[in-house]
Amino acid sequence: MHSALAEALGMPFVQRALCAGLCIGAATSYYGVFVVQRGLAFLGDGLAHSALGGVALALLLGQQPLWIAVPFTVLVALGITWVTERTRLGADTTIGVFFALSMALGIVFLSLKQGYAADAIAYLFGSILAVSRADLWAAGAVALITAAATPRWGAWAYASFDRESALADGLAVRRDDYLLSALIAVAVVVAAKVVGIVLLSSFLVIPAAAARLLARRFSTMTILSVSIGVLSVLAGLAASYMLNLPSGATIILTQTVLFALAWAMSAWRRA
Amino acid sequence: MGTAIETAGLTVRLGGFAALDDVSLTLADGAFVAVLGPNGAGKSTLLQVLLGLIKPSAGNVTVLGRAPGRTSGIGYVPQLKTLDRSFPAESCEVVLCGLKRRWPWRLSAAQHAIAVDALSKVGAAQLAHRAFSVLSGGELQRVYLARALARRPRLLLLDEPAAGIDVAGEADMYDVLEAYRRESGATVLMVTHDWGAAFHHATCALLLNRRLIAQGPPATALSDANLSETFGHTGHAHAMGRYGEDDSHA
């Protein structure tokens, strides 16, 4: 088994899958702690499906999908934040509106450009073992941007804990809302190519939810979430290779197993 | 004595509805102010204006000599029922967040000592490492009070701080507030539904029902006529012990 894994690690496509998966796993599970604590679990799903609209537009215009899908999804994320802030609608309702709009646009764009549906469908289910060099650069860029944003952790955490007090203390809470949603959108689009739109929201939700079950402090929750995100990519990819199963789905099943373990541990501690 | 809070013609319209209508008041430094009024009277809106969270539709507001939101000398205890209790935090982190104005990644030994000291001043040092999610209403209120007082505010704003806590906890809270006010000379402004507490602890009562009905020492401001104008009636008979003739019920 060890020699088989070692052999796999020598293959460039496995190396690219591993590096891209680790970058995406770390970044999405970092943002996940804010998504979970702010009750925005639906945001990941909504943005991932919005990415399909951007991909379809890129295919219609004959452009590289990421060049169009990233700004398209960032605009959708900013639109969700803007409408939520200016109306009495809950974030889940606003996300539902933009989700449907983007999907509808995506279907219209695809219908205008017959014959390219297969490319868009690749985004629906992802292909971690077909990560191109460009995808790897994009995943690396997401990890770097996320690392560059870590100085905002304290402000984002404060606003997640008690938004009103953070506003009263003069923190730029509204600007940070836009920044956080835009960064999540960028991570989601890049992750969509690798993990697939259908499964993507789990990357934003499951590691953070498992971490929440175990952590007493938000800093510990953040460390645990990123650790679970990274570990599930490593273990999921290995299991996928050994058992010949779809890689994205196997990573998410690994996340779910870790979530169940976290749940069992927290129940055992409470007992 | 200076002025802590001054409003002139303060009007706030929310969705076409006047939550505050032409409110003009002056509150002196060092006062203990109780803001009373029925539900929907604009009490919390007034606090949010003072904190700079809501911009007035008309009128002027000055807080500690500056525009709202421009001063750092405010401590704030929000309505405790609105807080997200699922957030993974220990009480000492909640207190230190009030000082740092951002969530602490980790607490140094010095920061931990500061947080424990602030908690001990409200009789809650034993809660330093208690998970925020398991605090009782009274414990939560003490932690938030410690958080607000740790920054040594010149103005302390409290939104229904006694809601949901027992009589002993409420008495302890007023002791802490009065002690801090005497020692620091700070101004305390508290939104409350408790007429008795306003009568016994405040130096100034504000009766608000979207417009200012009365302002002054509780003995005069809380007259039957003013209470009737503010609330529509003066409550049931058992509430009338607020004037001191029946303190056992107050």
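From the N terminus on, the elements of chain A run α-α-α-α-α-α-α-α-α-α-α-α-α, which comes to 13 helices and 0 strands, where helices (H or I, at least four residues) and strands (E, at least two) are DSSP runs numbered from the N terminus. The radius of gyration of chain A is 19 Å, close to the 18 Å that the globule rule gives for 271 residues, so chain A is as compact as a globular protein of that length; the radius is taken over C-alpha atoms, and the rule is 2.2 Å times the number of residues to the power 0.38. This is a predicted model, in which local features need pLDDT of at least 70 and side-chain atom pairs count only at pLDDT 80 or more, while totals for chains, interfaces and linings use all residues. Residues are numbered from 1 along each chain as its sequence is written, and chains are lettered from A and ligands numbered from 1 in the order in which they are written.

Taken along the principal axes, the C-alpha atoms of chain A fill a box of roughly 55 × 55 × 30 Å. Of its 271 residues, 51% count as buried, a residue being buried if 20 or more other C-beta atoms lie within 10 Å of its own, exposed if 12 or fewer, and partly exposed in between, with C-beta atoms placed from the backbone. Among the contacts in chain A with a separation of 6 or more, 75% join residues 24 or more positions apart; two residues are in contact if their C-beta atoms, placed from the backbone, lie within 7 Å.

The buried residues of α4(A) include A:Leu66, A:Ile68, A:Phe72, A:Val76 and A:Ile80, and what covers the buried residues includes α3 (41–61), α5 (91–112), α7 (133–149) and α10 (173–195) of chain A.

Turning to chain B, the assignment, which is automatic or from a database, gives domain 1 (3–73 + 154–236) and domain 2 (89–137 + 144–151). Their C-alpha centres lie 26 Å apart, and the contact takes 7 residues from domain 1 and 6 residues from domain 2. On the domain 1 side, the largest share, 4 residues, comes from α5(B).

B:Arg181 lies in that helix, α5 (residues 167–184) of chain B, and is partly exposed, with 18 other C-beta atoms within 10 Å. Leaving aside neighbours within four places in sequence, B:Arg181 is in contact with B:Gly30, B:Phe32, B:Ala186 and B:Val188.

Between the chains, 20 residues of chain B are in contact with 22 residues of chain A. The chain B side has 12 nonpolar, 2 polar and 6 charged residues, where Ala, Val, Leu, Ile, Met, Phe, Trp, Tyr, Cys and Pro count as nonpolar, Asp, Glu, Lys and Arg as charged, and the others, Gly among them, as polar.

A nonpolar core is a set of buried Ala, Val, Leu, Ile, Met, Phe, Trp, Tyr and Cys residues joined through C-beta atoms within 7 Å. Of the 173 residues in the largest such core, A:Ile24, A:Ala51, A:Val188, B:Val33 and B:Leu119 touch the most other members, and the largest share, 13 residues, comes from α10(A). Domain 1 and domain 2 of chain B both give residues to this core, so the core lies between them. Beyond four places in sequence, the contacts of B:Val33 include B:Leu27, B:Val188, B:Leu189 and B:Met190.
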